[in-house]
Amino acid sequence: MAGSPAQRLILLCDHASNALPSGYGDLGLSRAHLERHIAYDIGAAQVTRRLSALLDAGAALAGFSRLLIDPNRGEDDPTLVMRVSDGAIIPGNAKVGPVEIASRVERFWRPYRRACVGLVEAALASDRVPVLLGIHSFTPTFKGRARPWSCGVLWDRDPRLAGPLIEGLRAEGVTVGDNEPYDGALKNDSMYELSSARGIPGALIEIRQDELGAPEQSEAWAQRLARILPSILARPETERIEVFGSRADLNPG
């Protein structure tokens, strides 16, 4: 964790690392596979840390690869431990059963989620309604098709952060996907549990990975978000708890 524990802005970087803890080896994968997006969100950690420093924002960054267990999935999600990811078989997960999954939940998934909850609770204890921003990255192409967006803002039913964030990014000339390349409504993911279910303003930004390949690119993204976010935090609608519900509850499949 980083930043001020009582700061309203809280950054969540679920896929910050491609690290695998001692005892898990490399899950049977080559180093090349562990450097791919299947293991972590390339560049997301750098943006998160720099933005946290610029705005003194609270931040939680997962310290393990999503190939071990995905901290941005609900505890009962069938994709919590992936056996195949983007065409790559994960040998170390091929025969994983309920006992091992439960062990990974207790050792890795739950401590990270508790750290995120702790940041939210610290803000609320200081009589501040936090604003949550998840930071992720996505591949420039998927299944042979180029993705045209420089970033995407994913959100559920609560527009208080997503709407002005999209507007602010577009005002800077950024090509923004509105709930692209993914949908922001996912049952029991980080934003569902910490934002939607609690009535706390929140959204998730996905940045295209080829815009994060060099340190100066990550710095540019952190600076851009640091320009846009303070005016959003000043909006009175972000300073109250308001439950909008979730589209994931209507369409759990």
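Mentor: Strand 5, helix 5 (190-194) and strand 10 each contribute at least two residues to the lining of the largest pocket; helices (H or I, at least four residues) and strands (E, at least two) are DSSP runs numbered from the N terminus. The model is predicted, so local features need pLDDT of at least 70 and side-chain atom pairs pLDDT 80 or more, while totals for chains, interfaces and linings use all residues. Residues are numbered from 1 along each chain as its sequence is written, and side-chain values use heavy atoms, without hydrogens and water.

Strand 10 gives the largest share of this lining, four residues. In total 42 residues line the pocket, and His15, Arg66, Asp70, Arg73 and Tyr182 lie nearest its centre. A pocket is an open set of points on a 1 Å grid over the protein atoms alone, where a 1.4 Å probe fits, with protein on both sides within 12 Å along at least five of seven lines; lining residues have an atom within 4 Å of a point. The volume is about 890 Å³, the space filled by probe spheres set on the points, which are joined across faces, edges and corners. The lining comprises 15 nonpolar, 14 polar and 13 charged residues; Asp, Glu, Lys and Arg count as charged, Ala, Val, Leu, Ile, Met, Phe, Trp, Tyr, Cys and Pro as nonpolar, and the others, Gly among them, as polar.

Arg73 is also among the contacts (heavy atoms within 4.5 Å) of Arg113, which, beyond its neighbours within four places in sequence, touches Pro71, Asn72, Asn188, Asp189, Ser190 and Glu193 as well. Arg113 belongs to helix 3 (residues 98-125) and has a relative accessible area of 3%, so it counts as buried (under 20%, 1.4 Å probe, protein chains only).

Note on methods:
Buried means under 20% relative accessible area, exposed over 50%, partly exposed in between (1.4 Å probe, protein chains only).
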